[in-house]
Amino acid sequence: MNFTTPTGWAHTAYGIDENGGQPILIKAVRRGRSLSFSKADSSETATPAPRTVLAACLFQRESFTRWLTAPIASSRKAATVFHSLLDIQLPFSVEDCEIALLGTMPTDDGTGTRGLVAGARHEDIEKKLEGLAQSGLDPHLLDHESIALWHQSLIEYAPVREESSPRVVIYLGSDRITLVADQSAVFLGALSLRQPEAEAIHRFLKSHFPDVPAITQFLWTGPGATLGTVESLYASLSSRWPGSSKIVHEPETFLARALAGRALTPCPTSCNLRSGLHLHPELARRQEKQPTLWGRACLASGLLLCLVNVVWLAAAQHRISETQASLKALAVEVSGSPRGIQVGQEVLAARRAMDQQTKTMEPFLAAVDGPLRDTLNTILFLATEEGLTIETLTLSRKNGVIHGLAPKFEQGGKLAQRLNGAGWTTSVERKVQPPGEEREAFVIGMERNREKK
């Protein structure tokens, strides 16, 4: 069971609608994310240019589609049993077929997984390739007609998100008629007819929509989708299936556009039934080269990663060197000398220098300290009021010593008492008078009260 179409290397694709032996060819060119389409002729597909793929399709009557339901919630695990479930439904062995899983979705109750598969028997694939070869065509891809028509209708006529009306895509060809039923952008089923029979179309719609919906949309495609044919056929359907009818833009190339576009654009419903034993030689060669290409890509990625690491390490080392130089410059500026500053010890050396400088500056800092300045002003003011002379004064946040002279010793005691009221605990003592001095000498010891901070 294949899952993808390995044509990401291509930038040009030719879509082939066989059209009863008169192929309709459309060329698609990919430029970035956009595609451009133009008509082509058989001379362009005889010898395809490099990076070009040809895409044809198996008709609905040559292939099949099925919805399978597995009682497994995991879509990955459910995909492993779809092959066996399909074998039960087919009237022939699944081993005689090429199968493609086009998509999965959870069941309505969430306990299982539904999968859409498309496939064809090996003998029908071989007949298709032989018929195309008689027209000088050797397609790389064999898509599924109904899936391609349905997918292209969603691209060119995307339904409104809230819209759930059933839609029918009808391909009118010279050798066949293909019907595709869809609802809410979900593929329901397809049918192939040889003639445009309104009764057969009615039975097909009734099988998918037992209750006739209020509105049914009809999209008409294919080289036979002329105004007269469409109006005649729709007139026989509209009475039982009321709704809208529209002929698509350039209906004769619709299928070929779908095949060419799907060959170049990855999508969940990509389908290539020319796989396995029938794989195109060009795709087989590319698959053989794929491990080598992956190896080269991994080697290139590894070398690029190594280069990025080397560049990053060099840049990081340069940044570290610059930062180291800046740190050393700052450390020298703080310490005032480059001596003793070792690599990696710049912050420690700067901190030690700052601590030493702080100790040296303590007396100067104390002089401008707010609380000490207020205390000094208080001492000087009180000393002036008491008529004292201060000879020396030592003061810090926690303690202090005042040496002074007073006409009477009691005046020194009053100064000590007044300092007690200012948050200090004081003690006053007599001191030996200096020679020739008539005033009393005293010394006051000061200690900050514990409750004062």
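Colleague: Which exposed residues does the face of α7 turned away from its buried side carry?

Modeller: In this predicted model, that face of α7 carries Ser-232 and Ala-235. Exposed requires a relative accessible area over 50%.

Colleague: What makes the buried residues of α7 line one face of the helix?

Modeller: The buried residues are Val-230, Leu-233, Tyr-234 and Leu-237. Viewed down the axis of α7, they fall within an arc of 100°, so they line one face of the helix.

Colleague: How do you know that the span of α7 is close to the expected one?

Modeller: Helix α7 runs over residues 227-238, twelve in number, and its first and last C-alpha atoms are 16 Å apart. At 1.5 Å a residue, 16 Å is expected.

Colleague: What do the buried residues of α7 pack against?

Modeller: They pack against strands β9 (166-172), β12 (216-221) and β13 (243-247), and against helix α6 (198-208).

Colleague: How many aromatic pairs does the count come to?

Modeller: Four. One of them is Phe-218 with Trp-220, whose ring centres are 6.1 Å apart and whose planes are at 20°. Centres must lie within 6.5 Å, and planes under 30 degrees apart count as stacked, so this pair is stacked.

Colleague: What is the pair of Phe-218 and Tyr-234 called, and why?

Modeller: The ring centres of Phe-218 and Tyr-234 are 5.5 Å apart, and the planes are at 65°. An angle over 60 degrees counts as edge-to-face, so the pair is edge-to-face. Phe-218 lies in strand β12 and Tyr-234 in helix α7, so the pair ties together parts 16 residues apart in sequence. Phe-218, Trp-220 and Tyr-234 form one aromatic cluster.

Colleague: Which ring does the charged end of Lys-128 sit over?

Modeller: That of Phe-59, with 3.6 Å to the ring centre. A distance within 6 Å is required. Arg-114 likewise lies over the face of Trp-67, at 4.3 Å from the ring centre.

Colleague: What puts the buried residues on the same side of α4?

Modeller: In α4, the buried residues are His-122, Asp-124, Ile-125, Lys-128, Leu-129 and Leu-132. They cover an arc of only 165° around the axis, which puts them on the same side of α4. On the other side of α4, the exposed residues are Lys-127, Glu-130 and Gln-134. Cover for the buried residues of α4 includes β4 (52-58), β6 (97-106), β7 (113-121) and β8 (141-144).

Colleague: Why is Ser-184 called partly exposed?

Modeller: Its relative accessible area is 42%. Buried is under 20% and exposed over 50%, with partly exposed in between, so Ser-184 is partly exposed.

Colleague: Which side chain makes a polar contact with the side chain of Tyr-171?

Modeller: That of Arg-176, at 3.4 Å. The limit for a polar contact is 3.5 Å. The side chain of Arg-176 is also joined to that of Asp-17 by a polar contact of 3.3 Å. Tyr-171 is in strand β9, Asp-17 in strand β1 (residues 12-17). Both Asp-17 and Arg-176 are among the residues that Tyr-171 touches.

Colleague: How do you know whether Asp-17 counts as buried or exposed?

Modeller: Asp-17 has 0% relative accessibility and therefore counts as buried. Tyr-171 is buried as well, with a relative accessible area of 0%.

Technical notes: Residues are numbered from 1 along each chain as its sequence is written. This is a predicted model: local features need pLDDT of at least 70, side-chain atom pairs count only at pLDDT 80 or more; totals for chains, interfaces and linings use all residues. Side-chain values use heavy atoms; hydrogens and water are left out. Helices (H or I, at least four residues) and strands (E, at least two) are DSSP runs, numbered from the N terminus. The expected span of a helix is 1.5 Å times one less than its number of residues. Buried means under 20% relative accessible area, exposed over 50%, partly exposed in between (1.4 Å probe, protein chains only). The arc is that of the directions from the helix axis to the C-beta atoms. Contact means heavy atoms within 4.5 Å. A polar contact is a pair of N or O atoms within 3.5 Å; within protein, one must be able to donate a hydrogen and the other to accept it, and residues adjacent in sequence count only if both atoms are side-chain atoms. Rings of Phe, Tyr and Trp (its six-membered ring) pair if their centres lie within 6.5 Å; planes under 30 degrees apart count as stacked, over 60 as edge-to-face and the rest as tilted. A charge sits over a ring if NZ of Lys or CZ of Arg is within 6 Å of the ring centre and within 35 degrees of the ring normal. Lists of a residue's contacts leave out its neighbours within four places in sequence.
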